[in-house]
Each structure stands twice: as structure tokens, then as C-alpha cells.
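Please take a look at the chain below, and keep the 3D view open while you read. The report starts with the whole chain and then turns to a few places within it.

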Amino acid sequence: MPVTQKTRLLLWTRSGSRCAMCQRELLIDEVGTDDPSLVGDIAHIVADKESWARGVSSLTPEQRELSSNLILLCKEHHKIVDDNEAKYTVEVLTDIKKKHENAVKDALSAPDKAKQRSIELYADLLDHWEKAAQIEHWSGWTSYMLGSGRPRMR
């Protein structure tokens, strides 16, 4: 099960778009005429596969893709964390994430807190829309409409 758009928005917003370990900015706007580049990774605290680092857990596949089990890291720290499973345990990563997100929250001004809340509400609406529009079945229901060589709808 992939990470939802809602979860992505929540994670990036609550982390301030910064690595939870080094606080490096993970949105880089080099040219100013295009969207910024995302240079961070969404990393699992408990891995999504049992054979990977920190993968042995009672969490279900769905729980492994929730925001509570994900942490935003720069590519360098993502690699370091995965290569040092004994040092970066589930407990250590959960603590790093919690402290980082609390520091971001404490640093926000009142208008920025309101903006963050708006983004979180938008993320919730996006999640509901995705489910209602059955986006996961996009290819199935569009192939019927577009599959005969010319578009048609009933």
C-alpha cells in the first residue's frame, strides 16, 4: 500500500520541509521560475517489509504507511539510518521525529500555524476526494471510456 497524498502533505508540513536529523531544507528553489525540487526522502521508522532494517514488527502493512511511522530525512541521513539499524532503533527514530516536529510547531508564528492547519484540512479533503473518485482504479475506468480508439461516455 503506497503512502497517501494526505500522509505526504502531513509529513512535509509537520516537519517544516526539513530533515528531522540535520534540519537541512528539503525544498530547493534554484531557478525561481519552476516548482522547487524535493530533495528529501520519506523514510519508514518500522520498515514496510519485514526483511528490511527495523522491519520486524506487529504493525500491519496499512499502519506502516501512516504518518506516525514515517519520518522526513535528507538522502544522506536516510542512508545512514538504514545502514545503522542497531543505533537507529524504532524508539530512537520515533523520539527524533517527535522532537523535530515539536520544534517546528513551537517555531511557527500564529499565521504560520493557521496556514499549517489549512494545509492539514486540505490534505484531509484530498484524501476523501481520492477515495470518492476511486483514483486507485483510474486505469480501469478510463480504459473503458478511451479503449475503443475514440473517446465516449454514457
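What share of the contacts in the chain with a separation of 6 or more comes from residues 24 or more positions apart? The share is 63%, where contact means heavy atoms within 4.5 Å.

Before going further, a word on the model. It is predicted, so local features need pLDDT of at least 70 and side-chain atom pairs count only at pLDDT 80 or more, while totals for chains, interfaces and linings use all residues. Residues are numbered from 1 along each chain as its sequence is written, and side-chain values use heavy atoms, with hydrogens and water left out.

**The chain as a whole**

Five helices and four strands make up the elements of the chain, and from the N terminus their order is α-β-β-β-β-α-α-α-α. Helices (H or I, at least four residues) and strands (E, at least two) are DSSP runs, numbered from the N terminus. The C-alpha trace spans about 55 × 40 × 30 Å along its principal axes. Of the 154 residues, 31% are buried; buried means under 20% relative accessible area, exposed over 50%, and partly exposed in between, with a 1.4 Å probe and protein chains only. The chain exposes about 10300 Å², and 56% of this is supplied by carbon and sulfur atoms.

**Helix H1 and its partner**

Helix H1 covers residues 5-14. Its axis and that of helix H4 (residues 110-132) come within 8 Å and cross at roughly 170°. H1 and H4 are therefore roughly antiparallel to each other, a term for angles over 145 degrees. On the H1 side, the contact includes Leu9, Leu10 and Arg14; among the H4 residues that take part are Ile119, Tyr122 and Leu126. The angles run from 0 to 180 degrees between N-to-C directions, and the axes are lines fitted to C-alpha atoms, for helices over the stretch in contact.

**Thr7 and Leu66**

Thr7 also belongs to H1. Leaving aside residues up to four places away in sequence, Thr7 touches Glu65, Leu66, Ser67 and Leu70. One of these, Leu66, sits in the loop between strand E3 (40-44) and strand E4 (70-74). Here is how the two residues compare in accessibility:

| Residue | Relative accessibility | Class |
|---|---|---|
| Thr7 | 8% | buried |
| Leu66 | 42% | partly exposed |

Methods:
Accessible areas come from the Shrake-Rupley method with a 1.4 Å probe; for residues, only the protein chains shown count as cover. Angles under 35 degrees count as roughly parallel, over 145 as roughly antiparallel, 65 to 115 as roughly perpendicular and the rest as oblique.
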